[in-house]
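Keep the viewer open as you read.

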Amino acid sequence: MEFRKGNLFVIVFLFVLASCKTYEKINYMQDVRVDTPVEVSVNQGIRIQPQDMLSIVVSSKTPELAMIFNLPVVSYQAGSEVVSGAGSQRLLGYVVDNNGEIDFPVLGKIKVAGLTRWEVQEYIKKTIIDAGLMKDLVVTVEFMNFKISIMGEVNSPGTYTINGDKVTLLEALSMARDLTIYGKRDGVYVVREENGVRTTYNVDLRSVSLFDSPVYYLRQNDVVYVEPNKVRAGQSTINENSLKSVSLWISIGSFLTSLAVLIFK
C-alpha cells in the first residue's frame, strides 16, 4: 500500500495541535508581557483576627523595667511545663479572644482585632510612654500561628507554618513542591474565613490576572485546593493498580484506528 504524503501531513498536524493544547493547559502566566514593568501594590500586611496567637515582647536598655510587660518563658519537660529550668524553651503568647482583645500586663485589655502587627506595636509603645512607665523601649509583635493548608493535586500537600506575615499564593504552591501534572492550572481555589464569613475564590495560574486576585497574598488559616484534571478524575474510578481508565483506552483505540485509516487508505 502506498503511503501518501498528505496522510503524513495530517499526522504531523495532529501532533502539533495536541502539543499546543498541552501548552495551553500546563504553562503558567501565558499572557505575561516580558520586560514590561508593572506597578506592584504594597502589601499592607494581614489583619489580626480572633483566635490568633501573638508573641509580644517589650525590650529596653533597662531589662528590669521591661520585665513587667513580658510573659514568662516556659520550659517543656517530659510532657509537663514549668516556668524555668532546662529543656526546650518557648515564649508564651497572647490568644486573641472572641471580642478581638488580649489581656496585656499592666495595660489590661487591648483591642487588637483588625489591626496589623505594626499598628499593635506602635499602640503599645505609645501607651506605655504616654503613661510615663518607660521611655526607651522597643515593642516586637509576631504571629505565632500563621498557618495555611494546601490540598489536592500538589506534590507535597499539608499544613505549613509561615514565618512572618507575608506569603503569596505562588510561594505557598512552591512550598508544596508545585502542582502535579494532573493539577488544573485554572482550577486553583482558596477558601478563606473572615469576620464569620467563608468565601471561596478561583485563581487561574495561566493568566497574570492572578496577581490582582484578593487571595494572591494569603492570610492565616487559608486553605488552598488544586482541582484534578479529567485524567486524574478518571483514574479514581478504576482499580488503583490499573494504569489507565477504560475511557482512556477507548480514546487511544479510536485514535489508533483513525491513524491506521489515514496510513493504509
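Which backbone oxygen does the side chain of Tyr 160 reach at 2.5 Å? That oxygen belongs to Ser 156. Before going further, please note that this is a predicted model, in which local features need pLDDT of at least 70 and side-chain atom pairs count only at pLDDT 80 or more, while totals for chains, interfaces and linings use all residues. Residues are numbered from 1 along each chain as its sequence is written, and side-chain values use heavy atoms, with hydrogens and water left out.

Now back to Tyr 160, which sits in strand S10, residues 158-161 (strands are DSSP runs of E with at least two residues, helices are runs of H or I with at least four, and both are numbered from the N terminus). Tyr 160 counts as buried because its relative accessibility is 18% (buried means under 20% relative accessible area, with a 1.4 Å probe and protein chains only). The side chain of Tyr 160 also reaches the backbone oxygen of Met 175, at 3.4 Å. Leaving out residues up to four places away in sequence, Tyr 160 touches Phe 146, Lys 147, Ile 148, Ile 150, Met 175 and Ala 176 (contact means heavy atoms within 4.5 Å). Ser 149 is 11 residues from Tyr 160 along the chain, and their C-alpha atoms are 6.2 Å apart.

Next, turn to Arg 117, in helix H3, residues 117-130. With 12% relative accessibility, Arg 117 counts as buried. A polar atom of the Arg 117 side chain lies 3.1 Å from the backbone oxygen of Val 141. Val 141 is also among the residues in contact with Arg 117 once neighbours within four places in sequence are set aside, together with Ile 48, Glu 142, Phe 143 and Asp 165.

Technical notes:
Buried < 20%, exposed > 50% of the residue type's maximum accessible area, 1.4 Å probe, protein only. Polar contact = N/O pair within 3.5 Å; in protein donor to acceptor, adjacent residues only side chain to side chain.
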